[in-house]
Amino acid sequence: MPTRKLEADGYKIAGRPRTTGHGYYESVVKDPEGNTVELTV
């Protein structure tokens, strides 16, 4: 899972992986500058 890899690499996880109401699988991480990055599949 990409979120676990990012967490292991030291990125802050702002939103744990979940399934959205539209059926997407997403998580949210913070990049080194503090920007929010949403990962969606």
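A residue is termed partly exposed when its relative accessible area lies between the limits for buried, under 20%, and exposed, over 50%. In the predicted model described here, Asp 9 has a relative accessibility of 47% and therefore counts as partly exposed. Its salt-bridge partner is Lys 5, with the closest N and O atoms 3.1 Å apart. Lys 5, at 51% relative accessibility, counts as exposed.

The structure holds three salt bridges in total. Besides the pair formed by Lys 5 and Asp 9, a salt bridge links the side chains of Glu 7 and Arg 16, with an N to O distance of 2.8 Å. Glu 7 has a relative accessible area of 34% and is partly exposed. In a further salt bridge, Arg 18 is paired with Glu 26, and the closest N and O atoms are 2.8 Å apart. Glu 26 counts as buried because its relative accessibility is 11%, under the 20% limit. Arg 18, by contrast, is partly exposed, with a relative accessible area of 45%.

The strand pairing was examined next. Strand 1 spans residues 12-19 and strand 2 spans residues 25-30; the two run antiparallel and are joined by five bridges. Lys 12 stands opposite Lys 30 of strand 2. The two strands form a hairpin, with five residues between them. Within the turn, Gly 23 adopts a positive phi of about 90°.

Terms used
Residues numbered from 1 in each chain as written. Predicted model: local features only at pLDDT ≥ 70, side-chain atom pairs only at ≥ 80, totals over all residues. Heavy atoms only, no water. Salt bridge = Lys/Arg side-chain N within 4 Å of Asp/Glu carboxyl O. Buried < 20%, exposed > 50% of the residue type's maximum accessible area, 1.4 Å probe, protein only. Pairing = 2+ DSSP bridges. Helix = DSSP H or I, 4+ residues; strand = E, 2+ residues; numbered from the N terminus.
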